[in-house]
Amino acid sequence: MDVRGRAGGGEHAERVNAAAALAEAGVPAAEAARVLAGRFGCSPRQARRYVDQAAATGRVAVPEATAVFTVKLPVRLAAGVREHAAASGRTISAVVAQALEEFLERGRRHHPRR
């Protein structure tokens, strides 16, 4: 028996978007679920979830690929990031990514390339 884990963010988006494309082409939901199950090797039940999500939300954005990036921080700063993440209901990665995006954007505004 082939036991696979959950579809990651990119895989999930690909499958929902494939379901949306089938719906846009006029393929009935039951047939779309059969097509998706065959194409992606998932269960018919899971394929139907993709079809249902596509019907409810339409196409979804494909998340950007991520990479592990290890940094050493002062304990106080790491604790502050953890607390902020918990208080905001977000992951540490999401908090740090937003902070770095904002930092880099400020740098581009203050130091444009010549």
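Guide: Residues are numbered from 1 along each chain as its sequence is written. In this predicted model, local features need pLDDT of at least 70 and side-chain atom pairs count only at pLDDT 80 or more, while totals for chains, interfaces and linings use all residues, and side-chain values use heavy atoms, without hydrogens and water.

Visitor: Why is helix 2 called oblique to helix 3?

Guide: The axes of helix 2 (residues 29-40) and helix 3 (residues 44-57) cross at roughly 120 degrees and come within 8 Å. Helix 2 is therefore oblique to helix 3, since angles under 35 degrees count as roughly parallel, over 145 as roughly antiparallel, 65 to 115 as roughly perpendicular and the rest as oblique. Helices here are DSSP runs (H or I, at least four residues), numbered from the N terminus. Axes are lines fitted to C-alpha atoms over the stretch in contact, and angles run from 0 to 180 degrees between N-to-C directions.

Visitor: Which residues make the contact of helix 2 with helix 3?

Guide: Contact means heavy atoms within 4.5 Å. Helix 2 contributes Ala29, Ala30, Ala32, Ala33, Leu36 and Ala37, and helix 3 contributes Pro44, Ala47, Arg48, Tyr50 and Val51.

Visitor: What makes helix 1 and helix 2 oblique to each other?

Guide: Their axes cross at roughly 140 degrees and come within 10 Å, with helix 1 spanning residues 9-24. Helix 1 and helix 2 are therefore oblique to each other.

Visitor: Which residues of helix 1 and helix 2 make that contact?

Guide: Glu14, Arg15, Ala18, Ala19 and Leu22 of helix 1 meet Ala32, Val35, Leu36, Arg39 and Phe40 of helix 2.

Technical notes
Helix = DSSP H or I, 4+ residues; strand = E, 2+ residues; numbered from the N terminus.
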